[in-house]
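The following exercises concern one protein model and are to be worked through in order. Each task is followed by a solution in steps.

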Amino acid sequence: QDTNVAQYLWLRLLTQKHRNLCCVGDDDQSIYGWRGAEVGNILRFEKDFPDAKVVRLERNYRSTPTILAAASHLIAHNEGRLGKTLRSGHENIEQGAPIKVRGVWDGAEEARWLVDEIEVLQRAGHALDQIAILVRAGFQMLEFEERLITTGIPYRVIGGPRFYERMEIRDAVAYLRLIQQPEDDLAFERVI
C-alpha cells in the first residue's frame, strides 16, 4: 500500500521467474502519497499478479458494529479503491454506543470540550483510568495536556513523553527562561 512506482517495478522484476511474493496492504489506508507512495500499486496488483490468492481481512476484533458501520460508510466514498465489507469478529458483541460527531474550530476548542466531557464523566463516578484520549499524532497532545494541567486533572501519556518533558521543548524553555532571567543558573546550564 505504501510503495512507490520504482519499488513496485522492482518487485515485479524480482518475482518474474518464481512468482513468489506475499504482500499485505489496505487501499483505504495508503496515506504516504506525500512521500511518493502510489495507491495504484495495490489497485493493479491483481491484474499484474493474476495467479495471486487474495485474502480480504474484513473481520475486526477491536471495534463495535456501530463503529465499523460508520467507518464502512465513510470509506465507501473513497475513489479508486478495491472495496471491503467490515464486520465484527465477535458473534455476540454489543452494538456499541452511538457515535457523536462534534465540529470544533481548532485544537484548543477541541481540548476544552473534551476535558469538560471528562470532568462530567468524573463527577458521574467514572474512574479516570477508564478514560483515554486517542490522537493520530503526538503534536496534537499539546492542547489536551495544557487543558488537563489547567483543570488539574491528572493524566499520563502512553507511547511517548509528555509535551513539556520532551528534550527539545525543555531546551527551548531554558532559552526563554534565560532571556527573561539571565541569572537563572539551571536554564544557563541547560543551554550550555
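Buried means under 20% relative accessible area, exposed over 50%, and partly exposed in between, with a 1.4 Å probe and protein chains only. The model is predicted: local features need pLDDT of at least 70, side-chain atom pairs count only at pLDDT 80 or more, and totals for chains, interfaces and linings use all residues. Residues are numbered from 1 along each chain as its sequence is written, and side-chain values use heavy atoms, with hydrogens and water left out.

**Exercise 1.** Determine which elements have the lowest and the highest mean pLDDT.

Step 1. pLDDT is the predictor's confidence in each residue, from 0 to 100. The protein has a mean of 87, and 100% of its residues reach 70 or more.
Step 2. Elements are DSSP runs numbered from the N terminus: helices (H or I) of at least four residues and strands (E) of at least two.

**Exercise 2.** Classify Arg 19 and Asn 20 by accessibility.

Step 1. Arg 19 belongs to the loop between helix H1 (5-14) and helix H2 (40-43), and Asn 20 is likewise placed in the loop between H1 and H2.
Step 2. Arg 19 is partly exposed because its relative accessibility is 34%. Its phi is near 55 degrees, a positive value in a residue other than glycine.
Step 3. Asn 20 has 65% relative accessibility and therefore counts as exposed.

**Exercise 3.** Describe how H5 and helix H6 (residues 141-151) cross.

Step 1. Two packed helices are described by the angle between their axes and the distance between the axes. Axes are lines fitted to C-alpha atoms, for helices over the stretch in contact, and angles run from 0 to 180 degrees between N-to-C directions.
Step 2. The axes of H5 and H6 come within 9 Å and cross at roughly 45 degrees. H5 is therefore oblique to H6; angles under 35 degrees count as roughly parallel, over 145 as roughly antiparallel, 65 to 115 as roughly perpendicular and the rest as oblique.
Step 3. On the H5 side, the residues in contact (heavy atoms within 4.5 Å) include Leu 114 and Val 115, and on the H6 side they include Phe 144 and Leu 148.

**Exercise 4.** Is Ser 63 buried or exposed, and which residues does Ser 63 touch?

Step 1. Ser 63 sits in the loop between strand S1 (59-60) and helix H4 (65-75).
Step 2. Its relative accessibility is 17%, so Ser 63 counts as buried.
Step 3. Leaving out residues up to four places away in sequence, Ser 63 touches Leu 68, Ser 88 and Ile 93.

**Exercise 5.** Classify Lys 47 and Ala 70 by accessibility.

Step 1. Lys 47 is part of helix H3 (residues 45-48), and Ala 70 is in helix H4.
Step 2. Lys 47 counts as exposed because its relative accessibility is 66%. Ala 70, with a relative accessible area of 28%, is partly exposed.
Step 3. The C-alpha atoms of Lys 47 and Glu 183 are separated by 69 Å, and those of Ala 70 and Pro 154 are 32 Å apart.
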